[in-house]
Amino acid sequence: MLRIVPRIFTSVQTRRNVKSHLQRGVCSTALQAASVCPGFVSKPMAESPQTEVKPGLYRVPPEVRGMTSLDRQAFAQTVVVPALRVPKGVLNKVVKSLKKSAIQRSGVPKVVQDKENSSDGDDFRLMLLDPIRVPSPSSFSEAEAEALRSFGVAQELQHYELTLTYDNLKSEEVLEAVLPEGQDVTSGFSRVGHIAHMNLRDHQLPYKNLIGQVIMDKNPGVTCVVNKTNIIDTTYRNFKMEVLAGEENMVAKVKENGVTYEFDFSRVYWNPRLSTEHMRVVQLVQRGDTVLDVFAGVGPFAIPAARHGATVLANDLNPESYRWLQHNVKLNKVERKVRSFNLDGRAFIRGPMRQELPALLKEKASVHVVMNLPALALEFLDAFRGLLDQELSCDTNLPIVHCYGFSKDDCPQEDMVKRASSSLGFSLEGRCSVHFVRNVAPNKDMMCVRFTVPKEVLFSSDNGQTVSYFSTELTEEPTPKRQKCEETTN
């Protein structure tokens, strides 16, 4: 409920009153998002408990500082906002003319009823204004003032008390109020279906459960918040995680670039920030091409490529990734286009890839090799040395490799070329391109080097041992719990 504190400001006295009330409780820009709370009980201005508010910063009651168990009631606070009394007949025109001065955030009505003046309240409405932009009647721009005069609206401001609660605050505002002053505040996370994945710092860990609850409260559809507790396992590319709030169901359902995926987020690798990169590479693949995905995960390259008309051989060492890859192949109805393998990357190159390449190189369609294991993929390039017999040597339709890596070098492009060349045993200088994917940490970039495997490498005498391979039959299907599907964009 909203109640008018009947004060009308004019001339010099207006400025004094507004300044006084601003110092006592005018809400900041951050609080313009707050909605009017049903059940609000207003008090006279002199008796209202007000917290000092600095412009642009919400100051909650001091007792919430250091809170580790979320008490939503403790965030209630009374603030003051200005409003303009407008006749109903010109209301829409006034709102349009003063849109820059009105309270802007969603959830806050720009217009409310004038319940204080009951005698003519049905003929007037109250337009709530941004207290930072309009602290006094003289704060209106010339255009706004002219519009008010033309509509016959007096430039007189009234004060209104609002009670703002936890529900009215953004997650950033809550966490800034709770965590110790001067320390980094995070409300950022990766969204994976119904799961919010956070990477908390040490100083935030005492507040981890509160942070998890806030994130869940403020993000509709998030029913589980987790925190990574160790670095990514380089073998299976997953990591241990701790549930901070919500249910412990880790089976997520996401939709990326029109493709649906389901997987156990705690046991496989999935990065929602790579959706643009997945699309970029898939768009390089033409119908009829072949894609050999060495580190396929749950299929973010393999399945879109198959839907695009390519024939795909997809491999992953992680048994869980392999199972969910098969599940997602069936889910997206591309079983006829995808063969899946559960092998070490080098074994996949020396086995299935080695056997398939001779026939593929005789065709006109391109062959793409995707190697998305940034921590180690460059080290696997040596598996291409002498991969095929010399008598099969050809100059056309050689495989195109898309190999990912991390670089902390001042010149990551040169670093990627140098390391790829070293692993291949052949210089790629002037024979490759390097694409920046994303910055993963300060001074650490994810890059992709793209090159055609030189025939001097592919057909050299430096060959490795042939590895037998198998295309494992479909194993028992994982049983995903149904989740609301989320579209991933980037």
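Which strands does helix H5 (residues 208-218) lie across? I looked this up first, in what is a predicted model. Helix H5 lies across E7, strand E8 (224-228) and E9. I noted that helix H5 runs at about 55° to E9.

I then followed the strands themselves. Four strands form an open sheet of mixed pairing, and their order is E6-E7-E8-E9. I identified strand E6 (190-192) and strand E9 (241-246) as the edge strands, each of which pairs on one side only. From one strand to the next, the twist averages 30°.

I also examined the pairing of E6 with strand E7 (residues 195-198). These two strands pair in the antiparallel sense, over three bridges. Within this part I found Val192 opposite Ile195, the latter in E7.

**Entry: the nonpolar cores**

I next asked how many residues the largest nonpolar core has. The count is 41 residues, and those with the most contacts inside this core are Met353, Met371, Leu381, Phe384, Val401 and Leu458. I listed the elements that give two or more residues to this core: helix H9 (345-361), strand E15 (367-371), strand E16 (400-407), helix H10 (412-424), strand E18 (444-452) and helix H11 (455-458). H9 gives the most to this core, with seven residues.

I took Met353 for a closer look. Leaving aside its neighbours within four places in sequence, Met353 is in contact with Leu292, Val294, Phe348, Val369, Phe384 and Leu387.

**Entry: salt bridges**

I turned to the charged residues. Side chains of opposite charge can pair when their charged atoms come close. The structure holds 11 salt bridges, and I looked up several of them.

Which residue forms a salt bridge with Glu356? The partner is Arg339, and the closest N and O atoms are 3.0 Å apart. Glu356 belongs to helix H9 and Arg339 to strand E14 (residues 338-341), so this pair ties together parts that are 17 residues apart in sequence. I recorded Arg339 as partly exposed, with a relative accessible area of 34%.

Helix H9 also supplies a partner to a second pair, that of Asp382 and Arg346. Their closest N and O atoms are 2.8 Å apart in this salt bridge. Asp382 is in the loop between E15 and E16 and Arg346 is in helix H9, 36 residues apart, and I noted that the pair links distant parts of the chain. Asp382 counts as partly exposed at 28% relative accessibility, and Arg346 counts as partly exposed at 30%.

I then checked a pair within helix H10. Asp415 forms a salt bridge with Arg419, where the closest N and O atoms are 2.9 Å apart. These two are four residues apart in helix H10, so about one helical turn separates them.

Is Asp415 buried or exposed? I found Asp415 to be buried, because its relative accessible area is 15% and the cut-off for buried is under 20%. Arg419, by contrast, is partly exposed, with a relative accessible area of 30%.

Finally, I noted a network: salt bridges that share partners join Arg267, Glu320 and Arg323 into one.

Definitions and conventions. Residues are numbered from 1 along each chain as its sequence is written. This is a predicted model: local features need pLDDT of at least 70, side-chain atom pairs count only at pLDDT 80 or more; totals for chains, interfaces and linings use all residues. Side-chain values use heavy atoms; hydrogens and water are left out. A nonpolar core is a set of buried Ala, Val, Leu, Ile, Met, Phe, Trp, Tyr and Cys residues joined through side-chain atoms within 4.5 Å. Buried means under 20% relative accessible area, exposed over 50%, partly exposed in between (1.4 Å probe, protein chains only). Contact means heavy atoms within 4.5 Å. A salt bridge is a side-chain nitrogen of Lys or Arg within 4 Å of a carboxyl oxygen of Asp or Glu. Two strands pair if DSSP finds at least two bridges between them. Axes are lines fitted to C-alpha atoms, for helices over the stretch in contact, and angles run from 0 to 180 degrees between N-to-C directions.
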